Amino acid sequence: MSGIHSATKSIRPFRSSEEYLYAMKEDLAEWLKDLYGVEINVDMFLEVLETGSLLCHHANSVTQVAAEFLREYPSLAERMKLPRSGVTFVSSAQPATFLARDNISNFINWSRNQMHIKGKSFKNIYILIRAHMWELRTQSELIAVATVFNVLSF
């Protein structure tokens, strides 16, 4: 019983959604840095993601791991909703361009169609102005993708 108490005691509730968002960005930046060796931190989080290239690269990495999992454990994988195709993207896209918006749109569509991550729709304009809603939605999708990625890695 004391183990349960100490585990719940270590969880610190956030006083505001801004604190929660900051902590989420911090965790995701560290995770992406460890996973792909990119230079990213909480202060430059949006700038690194704004072309959509890293997001699409991540989608393709998850798809590759899913394909390997399917080959190794076909009967188990067939019962799971794993991505079957990756994302086409332009790695040289520049921030605030059509290609960057297209990359991000491709990642969002991949998240919805291949990872079955559902949610409220939002427009690419939020991405351009970096609205709070985009930050929350993109990070939520990354967390959902990360969860599946980590399950497949074990």
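In this talk, contact means heavy atoms within 4.5 Å. Good morning, colleagues. The structure above is a predicted model, in which local features need pLDDT of at least 70 and side-chain atom pairs count only at pLDDT 80 or more, while totals for chains, interfaces and linings use all residues. Residues are numbered from 1 along each chain as its sequence is written, and side-chain values use heavy atoms, with hydrogens and water left out.

I begin with the chain as a whole. The chain holds eight helices and zero strands; here helices (H or I, at least four residues) and strands (E, at least two) are DSSP runs, numbered from the N terminus. Read from the N terminus, the order of elements is α-α-α-α-α-α-α-α. Of the 154 residues in the chain, 38% are buried. By buried I mean under 20% relative accessible area, by exposed over 50%, and by partly exposed anything in between, with a 1.4 Å probe and protein chains only. The accessible surface of the chain is about 9,300 Å², and carbon and sulfur atoms account for 56% of that surface. Those areas come from the Shrake-Rupley method with a 1.4 Å probe, and for residues only the protein chains shown count as cover. As for contacts between residues at least 6 apart in sequence, 58% of them join residues at least 24 apart.

I turn now to asparagine 106. This residue sits in helix H6 and counts as partly exposed, at 24% relative accessibility. Which residues does asparagine 106 contact, leaving aside its neighbours within four places in sequence? They are Val87 and Thr88. Phenylalanine 89 is 17 residues from asparagine 106 along the chain, and their C-alpha atoms are separated by 7.4 Å.

Alanine 96 is exposed, at 59% relative accessibility. Its phi is near 60°, a positive value in a residue other than glycine. Most residues other than glycine have a negative phi.

Next, the packing of H6 (residues 98-113) against H4. Their axes are 8 Å apart, at an angle of about 35°. Axes here are lines fitted to C-alpha atoms, for helices over the stretch in contact, and angles run from 0 to 180 degrees between N-to-C directions. The crossing of H4 with H6 is left-handed, a term used if the near helix is turned anticlockwise from the far one by less than a right angle, with right-handed used if clockwise. On the H4 side, Ser53, Leu55, Cys56, Ala59, Val62 and Thr63 meet Asn103, Ile104, Phe107 and Trp110 of H6. By class, this contact of H4 with H6 has seven nonpolar, three polar and no charged residues. For these classes, Ala, Val, Leu, Ile, Met, Phe, Trp, Tyr, Cys and Pro count as nonpolar, Asp, Glu, Lys and Arg as charged, and the others, Gly among them, as polar.

H4 (residues 53-72) also packs with H2 (residues 17-36): the two axes come within 12 Å and cross at roughly 60°. H2 is therefore oblique to H4, given that angles under 35 degrees count as roughly parallel, over 145 as roughly antiparallel, 65 to 115 as roughly perpendicular and the rest as oblique. The crossing of H2 and H4 is left-handed. Trp31, Leu32, Leu35 and Tyr36 of H2 meet Leu54, His57, His58 and Ser61 of H4. The residues in this contact of H2 with H4 comprise five nonpolar, three polar and no charged.

Finally, I come to valine 42, in the loop between H2 and helix H3 (45-49). Is valine 42 buried or exposed? Valine 42 is buried, with a relative accessible area of 14%. Beyond its neighbours within four places in sequence, valine 42 contacts Tyr22, Lys25, Glu26 and Ala29. The C-alpha atoms of valine 42 and tyrosine 22 are 7.4 Å apart, across 20 residues of sequence. Alanine 23, in helix H2, is 19 residues from valine 42 in sequence and 8.6 Å from it in space, C-alpha to C-alpha. Alanine 23 is likewise buried, at 15% relative accessible area. Thank you.
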